[in-house]
Amino acid sequence: MMQLIRGFGYAILATFFILIDVFTKQWALAHWQIYYELTPWLFCEVTFNSGVSWGFLNGAGVYASALLMVVISIIIVLLARHAYARFFQRYVIVGEIMVLSGAVSNMLDRLQYQGVIDFIGVHYNGYFWPIFNIADMLIVGGVGLMFLSYCCDDEI
């Protein structure tokens with residue numbers, strides 16, 4: 001019974017993460033089509049990234065995009081299998097759920113828009129970090145939690 005409750009909780013968490021990412025991307029599409037300065041170091045501007053991190057492979061063509069989607073799909077399946085195994089070993093899998101949610105949400109963008117919607121930008125003193133989205137933050141944060149989880153052996 002406890003496994004069922006934990007599994008349901010993780011499903012709700014994943015759904016919440018995906019919905020937050022989808023909602024913020026739709027909000028950005030509707031409101032931030034042009035550069036919008038939020039703070040002296042934070043801005044919003046909608047971009048479409050057909051590549052991967054930092055625009056690598058952006059605009060590489062139809063075949064490269066298709067291959068990229070296949071590779072990302074394989075990684076999602078492998079991580080889901082890994083999370084499933086850890087779940088039944090009674091480990092906390094919040095990091096895995098974050099990475100999976102971000103990857104699935106970005107994959108939904110790729111299927112709908114042929115690229116990922118990015119809209120959050122950070123800059124300081126003329127230096128600009130590549131534009132990103134909530135899913136990217138989930139992936140990075142999730143990898144960090146996974147690292148901590150493996151280091152700390154957080155069985156419950």
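**Reading the model, one label at a time**

Guide: Gln-3 lies in helix α1, and the model shown above is a predicted one.

Visitor: Why is Gln-3 called partly exposed?

Guide: The relative accessible area of Gln-3 is 22%. Buried would need a value under 20%, and exposed one over 50%. Gln-3, at 22%, falls in between, so the label is partly exposed.

Visitor: What does Gln-3 contact beyond its neighbours within four places in sequence?

Guide: Those contacts of Gln-3 are Phe-87, Phe-88 and Arg-90. The C-alpha atoms of Gln-3 and Phe-88 are separated by 7.8 Å, although the two residues are 85 apart along the chain.

Visitor: Phe-87 makes me curious about the rings. How many aromatic pairs are there?

Guide: The structure holds seven aromatic pairs. One of them joins Tyr-10 and Phe-87.

Visitor: What makes the pair of Tyr-10 and Phe-87 edge-to-face?

Guide: Start with distance: the ring centres are 6.0 Å apart, and a pair needs centres within 6.5 Å. Then take the angle: the planes stand at 75°, and over 60 degrees counts as edge-to-face. Tyr-10 and Phe-87 are both buried.

Visitor: Why is the pair of Phe-48 and Tyr-113 called tilted?

Guide: Their centres are 5.9 Å apart and their planes meet at 55°. Stacked needs under 30 degrees and edge-to-face over 60, so 55° belongs to the remaining class, tilted. Phe-48 is in strand β2 and Tyr-113 in helix α3 (residues 94-113), so parts 65 residues apart in sequence are tied together.

Visitor: Are Phe-48 and Tyr-113 buried or partly exposed?

Guide: Phe-48, at 41% relative accessibility, counts as partly exposed. Tyr-113 has 22%, which is not under the 20% cut-off for buried, so Tyr-113 is partly exposed too.

Visitor: Which residues do ring pairs link into a cluster?

Guide: Ring pairs link Tyr-10, Tyr-84, Phe-87 and Phe-88.

Visitor: Turning to the strands, what makes β3 mostly covered?

Guide: Strand β3 spans residues 116-124, and seven of its nine residues are buried.

Visitor: Where do helices α1 and α4 meet?

Guide: Phe-17, Ile-20, Asp-21, Thr-24 and Lys-25 in α1 meet Ile-134, Ala-135 and Leu-138 in α4. These residues divide into five nonpolar, one polar and two charged. The axes of α1 (residues 2-31) and α4 (residues 134-152) come within 8 Å and cross at roughly 145°.

Note on methods: Residues are numbered from 1 along each chain as its sequence is written. This is a predicted model: local features need pLDDT of at least 70, side-chain atom pairs count only at pLDDT 80 or more; totals for chains, interfaces and linings use all residues. Side-chain values use heavy atoms; hydrogens and water are left out. Axes are lines fitted to C-alpha atoms, for helices over the stretch in contact, and angles run from 0 to 180 degrees between N-to-C directions. Helices (H or I, at least four residues) and strands (E, at least two) are DSSP runs, numbered from the N terminus. Contact means heavy atoms within 4.5 Å. Ala, Val, Leu, Ile, Met, Phe, Trp, Tyr, Cys and Pro count as nonpolar, Asp, Glu, Lys and Arg as charged, and the others, Gly among them, as polar. Buried means under 20% relative accessible area, exposed over 50%, partly exposed in between (1.4 Å probe, protein chains only).
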